[in-house]
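Q: Hi! Could you walk me through this one while I have it open?

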Amino acid sequence: MNPADSSSPRPRRFAATGPLTGRIRVPGDKSISHRSLMLGALAVGETRVTGLLEGEDVLSTAAAMRAMGAEIERRDDGEWRIHGVGVGGLMQPAGALDMGNSGTSTRLLMGLVASHALTATFVGDASLSKRPMGRVIEPLSRMGAAFTASPGGRLPLTLRGISPAVPIEYRLPVASAQVKSAVLLAGLNTPGITTVIEPVPTRDHSERMLRGFGAELTVEPGEDGARVIRLTGEAEFRPQTIVVPGDPSSAAFFAVAALLVPGSDLVIENVGLNPTRAALFDVLRAMGGSIEELERRDVGGEPVADLRVRHSLLTGIDVDPAVVPSMVDEFPVLFVAAALARGRTVTTGLEELRVKESDRIAVMRAALELAGASVTETEDGLIIDGTGGEPLRGGNNQPVATHLDHRIAMSMAVAGLASANGVEVDDTRPIATSFPVFESLLETAMSAA
Ligand code: S3P
């Protein structure tokens, strides 16, 4: 963000100028990018990463790892090189760690710091400073770390780590990959075995990558479909060469846009389809969306394909709450798809959406209503009665409030493309946290015909 941008919101009106066609390639996966920087920073030797997402959230992680001793540089050809400090080797940062808008950076780094004998203060923007950190403070305190947090367990907070920390067995009270990863990362520099029991499976990038770097980690089935993850501490890490696949959470916006805008036929290349992430595409197919997988392959230990998406008339459905963790970030844009479907879409089990970058249930209800959709808010989801394929009316010359939430901004941009009058988004700056090239890719896809 340049200095002028950081002080002034950047509003923009989104409207369709034509179908989405041709081929685009979305940037690297955000979750995998964060983890490659963090784990690379713990390996002695050079880790090389290509396809890293260069969004603000990931850059916050890079800055924090540098502040704790890792050498991280970007080469002119786009490859990132990391020289790590070794497991247990993180150093006292000189100042506060600025996490910007990034919950993933904050919670995973709190885990890493918890088992080092150093003190770190975490600060963030207005959105991040409202988000609950108690969910990581609780298990990390059991491991021996000490916290001074702002009221409600929020940022700014100061963490005093401990070494050696105490290994724990922790059953996740919320389905959260961030909490799971925080405990596992704390377990890396902790003697003995740290166990996380996950009643509902969440994204497993941490487990895959920890193993890749050489950690001893097992996953076994527990009771009632739970996953029991055991990590042996005091691991020695071998540097890795990592290829980051495209982010399915970014591809989601283009997939929905192509389904909704008449005449669209778009190929989205290199989309990560890890089963713990890809449920949106299954739900859209169940609604009648034409999404074809081309050339399924393996990239960096993750399943990947190109997706061919064609304009389709969607039908509303009841979304099974069991799939929520595998598409937790995709509900805002699913709501947009539902707003143009034939019939009713019912979503439940979405309580976690209320503590994301914004309260995504309330914010999307207000935003879609402004655009002319028929929406009812419940405690844990939205009920949406779609237009049956007709475009939404669009905004009434009133901008949608995005509340520093990138996914609200991009979802409502997609709603604008599927509307008669367009939709104005009050601030597009937050898009740069996860998908800096969103707007330019949109131009590419809309001008390819
Ligand atoms: C993430 C986990 C999810 C997701 C976030 C990224 C991760 O959060 O919403 O965008 O990389 O581990 P929760 O684990 O809190 O659901």
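Predicted model: local features only at pLDDT ≥ 70, side-chain atom pairs only at ≥ 80, totals over all residues.

**A chat about the fold**

Q: Good to know. How many helices and strands does the protein chain have?
A: There are 13 helices and 22 strands in the protein chain.

Q: And why call it as compact as a globular protein of that length?
A: Its radius of gyration is 21 Å, while the globule rule gives 22 Å for 449 residues; the two values are close, so the chain is as compact as a globular protein of that length.

Q: What box do the C-alpha atoms fill?
A: Along the principal axes, the box is roughly 60 × 45 × 45 Å.

Q: How is the chain divided into domains?
A: The domain assignment gives two entries: domain 1 covers 3-28 + 245-447, and domain 2 covers 30-243.

Q: What separates their centres, and how many residues are in the contact?
A: The centres of domain 1 and domain 2, taken over C-alpha atoms, are 28 Å apart. Domain 1 puts 28 residues into the contact, and domain 2 puts in 27.

Q: Switching to burial: what share of the residues is buried?
A: Buried residues come to 58% of the 449 in the protein chain.

Q: Last topic, charges. How many side chains are positive and how many negative?
A: The protein chain has 42 positive and 54 negative side chains. The centres of those two sets lie 1 Å apart.

Conventions
Residues numbered from 1 in each chain as written. Heavy atoms only, no water. Helix = DSSP H or I, 4+ residues; strand = E, 2+ residues; numbered from the N terminus. Rg over C-alpha atoms; globule rule 2.2 N^0.38 Å. Buried < 20%, exposed > 50% of the residue type's maximum accessible area, 1.4 Å probe, protein only. Lys, Arg positive; Asp, Glu negative; His and termini not counted. Charge placed at Lys NZ, Arg CZ, Asp CG, Glu CD. Domains from an automatic or database assignment. Contact = heavy atoms within 4.5 Å.
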